[in-house]
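Hello,

Here is the structure I promised to pass on to you. Have a look at it first, and then read on for what turned up.

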Amino acid sequence: MSLKIRLGISECLLGKPVRFDGGHKLDRFLTETLGRYVEYVPVCPEVECGMPVPRESMHLEGDPSSPRLITIRTRVDKTDQMVHWAEKRVAALEKEGLMGFIFKSDSPSSGMERVKVYNEKGMAARKGSGIFARIFMEQFPLLPVEEEGRLHDPAIRENFIERVFALARWREFLANKGNRGGLVDFHTKHKFLILSHSNNRYGEMGRLIAGAKQVPLGELCEKYQKSLMEALKIRATAKKNTNVLMHMAGYFKNQLDHTEKAELLEIIDLYRRELVPLIVPITLINHYVRKYNQPYLQDQYYLNPHPIELQLRNHV
Ligand code: SF4
(Lines give C-alpha, C1' and ligand atoms only; values in the text may rest on other atoms or scores of the structure.)
Protein backbone atom coordinates (compact mmCIF):
# COMPACT_ATOMS: atom_id res chain seq x y z
CA MET A 1 0.00 0.00 0.00
CA SER A 2 1.50 3.34 -0.96
CA LEU A 3 -0.83 5.51 1.16
CA LYS A 4 0.36 6.18 4.69
CA ILE A 5 -2.26 5.13 7.24
CA ARG A 6 -3.01 8.10 9.47
CA LEU A 7 -4.92 7.64 12.71
CA GLY A 8 -6.04 10.31 15.12
CA ILE A 9 -5.26 9.44 18.73
CA SER A 10 -5.84 10.90 22.18
CA GLU A 11 -2.42 12.33 22.90
CA CYS A 12 -2.01 10.94 26.43
CA LEU A 13 -2.04 7.40 24.93
CA LEU A 14 1.26 8.21 23.22
CA GLY A 15 2.86 8.87 26.62
CA LYS A 16 2.63 12.67 26.49
CA PRO A 17 2.15 14.16 29.99
CA VAL A 18 -1.01 16.10 29.14
CA ARG A 19 -3.52 14.65 31.62
CA PHE A 20 -5.17 16.77 34.32
CA ASP A 21 -2.68 15.45 36.91
CA GLY A 22 0.38 15.91 34.69
CA GLY A 23 0.50 12.17 33.91
CA HIS A 24 -0.02 10.14 30.75
CA LYS A 25 -1.63 6.84 29.71
CA LEU A 26 1.03 5.34 27.46
CA ASP A 27 -0.30 2.28 25.62
CA ARG A 28 2.57 0.14 24.36
CA PHE A 29 0.54 -1.86 21.85
CA LEU A 30 -0.49 1.39 20.18
CA THR A 31 2.95 2.98 20.22
CA GLU A 32 5.27 0.01 19.69
CA THR A 33 3.24 -2.51 17.66
CA LEU A 34 0.52 -0.70 15.72
CA GLY A 35 2.72 2.40 15.64
CA ARG A 36 5.06 0.66 13.18
CA TYR A 37 2.32 0.67 10.53
CA VAL A 38 0.53 3.94 11.10
CA GLU A 39 1.26 7.61 11.53
CA TYR A 40 -0.54 9.14 14.50
CA VAL A 41 -2.14 12.56 14.56
CA PRO A 42 -2.27 13.38 18.29
CA VAL A 43 -5.13 15.41 19.74
CA CYS A 44 -5.52 16.50 23.36
CA PRO A 45 -8.81 18.39 23.48
CA GLU A 46 -8.32 19.81 26.97
CA VAL A 47 -4.83 21.20 26.37
CA GLU A 48 -5.57 22.31 22.80
CA CYS A 49 -8.68 24.23 23.87
CA GLY A 50 -6.54 26.25 26.26
CA MET A 51 -6.52 24.42 29.60
CA PRO A 52 -3.26 24.14 31.60
CA VAL A 53 -1.38 21.04 32.83
CA PRO A 54 -2.03 20.23 35.62
CA ARG A 55 -5.67 21.33 35.79
CA GLU A 56 -8.74 20.72 37.83
CA SER A 57 -10.51 17.50 36.90
CA MET A 58 -13.89 17.69 35.17
CA HIS A 59 -16.89 15.51 34.54
CA LEU A 60 -20.08 15.52 32.47
CA GLU A 61 -23.44 16.58 33.89
CA GLY A 62 -27.01 16.79 32.65
CA ASP A 63 -28.63 15.29 29.56
CA PRO A 64 -26.47 12.32 28.39
CA SER A 65 -27.08 13.24 24.73
CA SER A 66 -25.70 16.80 25.19
CA PRO A 67 -24.09 17.00 28.64
CA ARG A 68 -22.19 19.95 30.13
CA LEU A 69 -18.47 19.77 30.96
CA ILE A 70 -18.05 20.99 34.54
CA THR A 71 -14.97 21.33 36.79
CA ILE A 72 -15.64 19.15 39.82
CA ARG A 73 -14.39 21.33 42.71
CA THR A 74 -14.97 24.91 41.51
CA ARG A 75 -17.99 24.05 39.30
CA VAL A 76 -16.99 26.12 36.28
CA ASP A 77 -18.84 25.24 33.06
CA LYS A 78 -16.23 24.57 30.34
CA THR A 79 -18.68 23.30 27.71
CA ASP A 80 -18.68 26.31 25.38
CA GLN A 81 -14.87 26.57 25.44
CA MET A 82 -14.58 22.89 24.48
CA VAL A 83 -17.35 22.87 21.85
CA HIS A 84 -16.08 26.04 20.18
CA TRP A 85 -12.56 24.60 19.87
CA ALA A 86 -13.77 21.09 18.89
CA GLU A 87 -15.88 22.35 15.98
CA LYS A 88 -12.86 24.15 14.53
CA ARG A 89 -10.54 21.21 15.20
CA VAL A 90 -12.72 18.60 13.46
CA ALA A 91 -13.04 20.92 10.46
CA ALA A 92 -9.21 21.11 10.35
CA LEU A 93 -8.96 17.33 10.73
CA GLU A 94 -10.92 16.97 7.45
CA LYS A 95 -7.65 17.83 5.69
CA GLU A 96 -5.57 15.27 7.58
CA GLY A 97 -6.95 12.27 5.67
CA LEU A 98 -7.53 10.29 8.87
CA MET A 99 -8.49 6.63 8.52
CA GLY A 100 -9.68 6.24 12.10
CA PHE A 101 -9.35 7.51 15.66
CA ILE A 102 -8.31 5.87 18.92
CA PHE A 103 -9.88 7.59 21.90
CA LYS A 104 -8.95 7.51 25.59
CA SER A 105 -11.77 5.74 27.44
CA ASP A 106 -13.79 7.32 30.27
CA SER A 107 -12.65 10.88 29.57
CA PRO A 108 -15.31 13.64 29.60
CA SER A 109 -13.53 15.11 26.55
CA SER A 110 -12.13 12.08 24.69
CA GLY A 111 -14.20 9.03 25.76
CA MET A 112 -16.03 7.35 22.88
CA GLU A 113 -18.89 5.78 24.84
CA ARG A 114 -20.07 4.78 28.30
CA VAL A 115 -18.58 7.93 29.84
CA LYS A 116 -20.17 8.81 33.21
CA VAL A 117 -22.77 11.58 33.09
CA TYR A 118 -23.99 12.87 36.48
CA ASN A 119 -27.57 13.94 37.16
CA GLU A 120 -28.67 16.72 39.54
CA LYS A 121 -28.64 14.24 42.45
CA GLY A 122 -24.99 13.44 41.79
CA MET A 123 -25.77 9.94 40.47
CA ALA A 124 -23.72 8.76 37.49
CA ALA A 125 -24.95 6.79 34.47
CA ARG A 126 -22.47 5.44 31.91
CA LYS A 127 -24.37 6.84 28.95
CA GLY A 128 -22.24 9.66 27.53
CA SER A 129 -19.47 10.41 25.07
CA GLY A 130 -16.69 12.91 25.66
CA ILE A 131 -17.52 16.28 24.11
CA PHE A 132 -14.73 16.23 21.50
CA ALA A 133 -15.29 12.53 20.71
CA ARG A 134 -19.00 13.14 20.10
CA ILE A 135 -18.38 16.07 17.75
CA PHE A 136 -15.69 14.07 15.93
CA MET A 137 -17.97 11.04 15.42
CA GLU A 138 -20.81 13.28 14.17
CA GLN A 139 -18.44 14.82 11.63
CA PHE A 140 -16.95 11.47 10.49
CA PRO A 141 -19.71 8.87 10.96
CA LEU A 142 -18.03 6.24 8.74
CA LEU A 143 -14.50 6.43 10.14
CA PRO A 144 -13.43 3.48 12.29
CA VAL A 145 -13.21 4.64 15.92
CA GLU A 146 -12.27 2.75 19.06
CA GLU A 147 -10.98 3.22 22.59
CA GLU A 148 -7.69 1.93 23.98
CA GLY A 149 -9.52 -0.09 26.67
CA ARG A 150 -11.77 -1.92 24.19
CA LEU A 151 -8.76 -2.58 21.96
CA HIS A 152 -7.46 -5.01 24.59
CA ASP A 153 -10.27 -7.34 23.47
CA PRO A 154 -8.75 -9.41 20.60
CA ALA A 155 -11.96 -9.53 18.52
CA ILE A 156 -12.58 -5.77 18.82
CA ARG A 157 -8.92 -5.07 18.05
CA GLU A 158 -8.99 -7.29 14.95
CA ASN A 159 -12.23 -5.71 13.74
CA PHE A 160 -10.97 -2.14 14.19
CA ILE A 161 -7.65 -2.72 12.45
CA GLU A 162 -9.30 -4.67 9.65
CA ARG A 163 -11.62 -1.70 9.00
CA VAL A 164 -8.72 0.76 9.06
CA PHE A 165 -6.75 -1.25 6.50
CA ALA A 166 -9.84 -1.76 4.30
CA LEU A 167 -10.47 1.99 4.36
CA ALA A 168 -6.83 2.60 3.44
CA ARG A 169 -7.21 0.30 0.41
CA TRP A 170 -10.43 2.08 -0.51
CA ARG A 171 -8.77 5.52 -0.27
CA GLU A 172 -5.96 4.20 -2.44
CA PHE A 173 -8.53 3.06 -5.01
CA LEU A 174 -10.05 6.57 -4.99
CA ALA A 175 -6.63 8.25 -5.13
CA ASN A 176 -5.83 6.24 -8.26
CA LYS A 177 -9.01 7.60 -9.86
CA GLY A 178 -10.73 4.26 -9.76
CA ASN A 179 -13.37 3.63 -12.44
CA ARG A 180 -16.33 1.22 -12.56
CA GLY A 181 -14.09 -1.68 -13.63
CA GLY A 182 -11.74 -0.91 -10.74
CA LEU A 183 -14.69 -0.94 -8.35
CA VAL A 184 -15.74 -4.41 -9.54
CA ASP A 185 -12.15 -5.54 -9.00
CA PHE A 186 -12.05 -4.00 -5.50
CA HIS A 187 -15.33 -5.69 -4.60
CA THR A 188 -14.17 -9.05 -5.98
CA LYS A 189 -10.98 -8.98 -3.91
CA HIS A 190 -12.95 -8.16 -0.76
CA LYS A 191 -15.62 -10.81 -1.33
CA PHE A 192 -14.63 -13.22 1.41
CA LEU A 193 -13.68 -10.45 3.83
CA ILE A 194 -17.16 -8.91 3.52
CA LEU A 195 -18.82 -12.34 3.67
CA SER A 196 -17.07 -13.03 6.98
CA HIS A 197 -19.05 -10.11 8.40
CA SER A 198 -22.39 -10.22 6.60
CA ASN A 199 -23.92 -12.28 3.84
CA ASN A 200 -26.78 -9.81 3.45
CA ARG A 201 -24.49 -6.82 3.12
CA TYR A 202 -22.41 -8.65 0.54
CA GLY A 203 -25.58 -9.31 -1.47
CA GLU A 204 -26.66 -5.65 -1.23
CA MET A 205 -23.25 -4.44 -2.36
CA GLY A 206 -23.33 -6.87 -5.27
CA ARG A 207 -26.70 -5.43 -6.37
CA LEU A 208 -25.29 -1.90 -6.05
CA ILE A 209 -22.44 -2.83 -8.39
CA ALA A 210 -24.71 -4.70 -10.80
CA GLY A 211 -26.74 -1.48 -11.27
CA ALA A 212 -23.57 0.63 -11.48
CA LYS A 213 -24.13 1.90 -15.02
CA GLN A 214 -27.29 3.77 -13.96
CA VAL A 215 -25.54 5.66 -11.13
CA PRO A 216 -22.97 8.49 -11.54
CA LEU A 217 -19.52 7.24 -10.44
CA GLY A 218 -19.17 9.70 -7.53
CA GLU A 219 -22.53 8.70 -6.06
CA LEU A 220 -21.76 5.02 -6.62
CA CYS A 221 -18.44 5.28 -4.77
CA GLU A 222 -20.06 7.14 -1.89
CA LYS A 223 -22.75 4.47 -1.52
CA TYR A 224 -20.21 1.68 -1.84
CA GLN A 225 -17.92 3.17 0.81
CA LYS A 226 -20.83 3.55 3.24
CA SER A 227 -21.91 -0.07 2.70
CA LEU A 228 -18.33 -1.32 3.02
CA MET A 229 -17.66 0.43 6.30
CA GLU A 230 -21.03 -0.57 7.74
CA ALA A 231 -20.58 -4.19 6.64
CA LEU A 232 -17.12 -4.53 8.16
CA LYS A 233 -18.37 -3.11 11.45
CA ILE A 234 -20.68 -6.12 11.86
CA ARG A 235 -18.86 -8.60 14.02
CA ALA A 236 -17.30 -11.62 12.29
CA THR A 237 -18.11 -14.79 14.27
CA ALA A 238 -16.59 -18.29 14.29
CA LYS A 239 -19.70 -19.48 12.41
CA LYS A 240 -19.38 -16.86 9.65
CA ASN A 241 -15.62 -17.45 9.35
CA THR A 242 -16.24 -21.19 9.15
CA ASN A 243 -18.66 -20.67 6.24
CA VAL A 244 -16.06 -18.58 4.43
CA LEU A 245 -13.30 -21.14 5.08
CA MET A 246 -15.51 -23.98 3.78
CA HIS A 247 -16.33 -21.92 0.71
CA MET A 248 -12.62 -21.37 0.10
CA ALA A 249 -11.84 -25.05 0.67
CA GLY A 250 -14.25 -25.79 -2.20
CA TYR A 251 -11.81 -24.15 -4.62
CA PHE A 252 -9.35 -26.99 -4.04
CA LYS A 253 -11.72 -29.90 -4.52
CA ASN A 254 -9.93 -31.12 -7.64
CA GLN A 255 -6.43 -30.44 -6.39
CA LEU A 256 -6.10 -31.71 -2.83
CA ASP A 257 -5.46 -35.39 -2.33
CA HIS A 258 -7.53 -37.36 0.15
CA THR A 259 -5.21 -36.73 3.12
CA GLU A 260 -4.85 -33.00 2.43
CA LYS A 261 -8.61 -32.61 2.11
CA ALA A 262 -9.24 -34.45 5.38
CA GLU A 263 -6.59 -32.38 7.15
CA LEU A 264 -8.04 -29.08 5.89
CA LEU A 265 -11.58 -30.02 6.91
CA GLU A 266 -10.35 -31.17 10.32
CA ILE A 267 -8.53 -27.90 10.94
CA ILE A 268 -11.56 -25.84 9.88
CA ASP A 269 -13.65 -27.90 12.28
CA LEU A 270 -11.15 -27.34 15.11
CA TYR A 271 -11.49 -23.61 14.43
CA ARG A 272 -15.32 -23.89 14.38
CA ARG A 273 -15.17 -25.53 17.80
CA GLU A 274 -12.87 -22.69 18.91
CA LEU A 275 -10.02 -25.09 19.71
CA VAL A 276 -7.52 -23.31 17.44
CA PRO A 277 -7.37 -19.62 16.41
CA LEU A 278 -8.34 -18.35 12.97
CA ILE A 279 -4.69 -17.99 11.91
CA VAL A 280 -4.37 -21.81 11.79
CA PRO A 281 -6.87 -22.59 8.95
CA ILE A 282 -5.89 -19.32 7.23
CA THR A 283 -2.22 -20.37 7.19
CA LEU A 284 -3.08 -23.76 5.73
CA ILE A 285 -5.30 -22.24 3.02
CA ASN A 286 -2.58 -19.70 2.19
CA HIS A 287 -0.19 -22.64 1.84
CA TYR A 288 -2.52 -24.41 -0.62
CA VAL A 289 -3.15 -21.17 -2.51
CA ARG A 290 0.58 -20.93 -3.18
CA LYS A 291 1.10 -24.65 -3.75
CA TYR A 292 -1.75 -25.00 -6.27
CA ASN A 293 -1.53 -21.47 -7.66
CA GLN A 294 -5.10 -20.35 -7.02
CA PRO A 295 -5.20 -16.80 -8.50
CA TYR A 296 -8.76 -15.99 -7.38
CA LEU A 297 -8.02 -16.83 -3.75
CA GLN A 298 -4.54 -15.33 -3.94
CA ASP A 299 -6.11 -11.90 -4.44
CA GLN A 300 -8.56 -12.26 -1.55
CA TYR A 301 -7.88 -9.77 1.23
CA TYR A 302 -9.58 -12.14 3.65
CA LEU A 303 -6.36 -14.18 3.60
CA ASN A 304 -4.15 -11.15 4.27
CA PRO A 305 -6.26 -8.22 5.56
CA HIS A 306 -3.49 -6.56 7.61
CA PRO A 307 0.21 -7.16 8.42
CA ILE A 308 0.77 -10.61 9.90
CA GLU A 309 3.16 -9.13 12.47
CA LEU A 310 0.18 -7.61 14.28
CA GLN A 311 -0.78 -11.23 15.18
CA LEU A 312 -4.45 -10.25 15.23
CA ARG A 313 -5.79 -13.61 14.18
CA ASN A 314 -3.73 -15.54 16.70
CA HIS A 315 -6.33 -14.82 19.37
CA VAL A 316 -9.71 -14.90 17.55
S1 SF4 B 1 -8.02 11.90 27.78
FE2 SF4 B 1 -8.13 13.39 26.11
S3 SF4 B 1 -8.26 15.37 27.13
FE4 SF4 B 1 -7.57 13.92 28.66
S5 SF4 B 1 -5.35 14.06 28.58
FE6 SF4 B 1 -5.93 12.40 27.22
S7 SF4 B 1 -6.07 13.38 25.23
FE8 SF4 B 1 -6.10 15.01 26.73
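Which helix and which strands each supply at least two residues of the lining of the largest pocket? They are helix 2 (45-48), strand 3 (58-61) and strand 6. Before you go further, please keep in mind that this is a predicted model.

**The pockets**

Let me stay with that pocket for a moment. The largest pocket has a volume of about 480 Å³. Its lining is made up of 27 residues, and those that lie nearest the centre are Arg19, Met58, Asp106, Ser107 and Pro108. Sorted by class, the lining of the largest pocket holds 12 nonpolar, seven polar and eight charged residues.

The second largest pocket contains about 350 Å³ of space. Here 20 residues form the lining, with Val145, Glu146, Asn159, Arg163 and Lys233 nearest the centre. Strand 8, helix 5 and helix 9 (217-233) are the elements that give two or more residues to this lining. Helix 5 has the largest share of it, with five residues. By class, the lining of the second largest pocket divides into 12 nonpolar, one polar and seven charged residues.

**The salt bridges**

Glu146 is buried, because its relative accessible area is 3% and buried means under 20%.

Another salt bridge runs between the side chains of Arg313 and Glu158, at 3.3 Å from N to O. Arg313 is in the segment after helix 13 (295-298) and Glu158 is in helix 5, so the pair ties together parts that are 155 residues apart in sequence. Arg313 is buried, with a relative accessible area of 4%, and Glu158 also counts as buried, at 8% relative accessibility.

There is a network to look for as well: Arg201, Glu204, Lys226 and Glu230 are joined into one by salt bridges that share partners.

**A buried histidine**

Finally, take a look at His190, which is placed in the loop between helix 6 (180-189) and helix 7 (191-195). Is His190 buried or exposed? His190 is buried, with a relative accessible area of 0%. Which residues is His190 in contact with, leaving aside its neighbours within four places in sequence? The contacts are with Arg169, Gln300 and Tyr301. The C-alpha atom of His190 is also separated by 9.9 Å from that of Leu303, and these two residues are 113 residues apart along the chain.

Happy browsing, and do write back with any questions.

Best wishes

How values were computed: Residues are numbered from 1 along each chain as its sequence is written. This is a predicted model: local features need pLDDT of at least 70, side-chain atom pairs count only at pLDDT 80 or more; totals for chains, interfaces and linings use all residues. Side-chain values use heavy atoms; hydrogens and water are left out. Buried means under 20% relative accessible area, exposed over 50%, partly exposed in between (1.4 Å probe, protein chains only). A salt bridge is a side-chain nitrogen of Lys or Arg within 4 Å of a carboxyl oxygen of Asp or Glu. Helices (H or I, at least four residues) and strands (E, at least two) are DSSP runs, numbered from the N terminus. Contact means heavy atoms within 4.5 Å. On a 1 Å grid over the protein atoms alone, a cavity is a set of points where a 1.4 Å probe fits but cannot get out, and a pocket is an open set with protein on both sides within 12 Å along at least five of seven lines; lining residues have an atom within 4 Å of a point. Grid points are joined across faces, edges and corners, and a volume is the space filled by probe spheres set on the points. Ala, Val, Leu, Ile, Met, Phe, Trp, Tyr, Cys and Pro count as nonpolar, Asp, Glu, Lys and Arg as charged, and the others, Gly among them, as polar.
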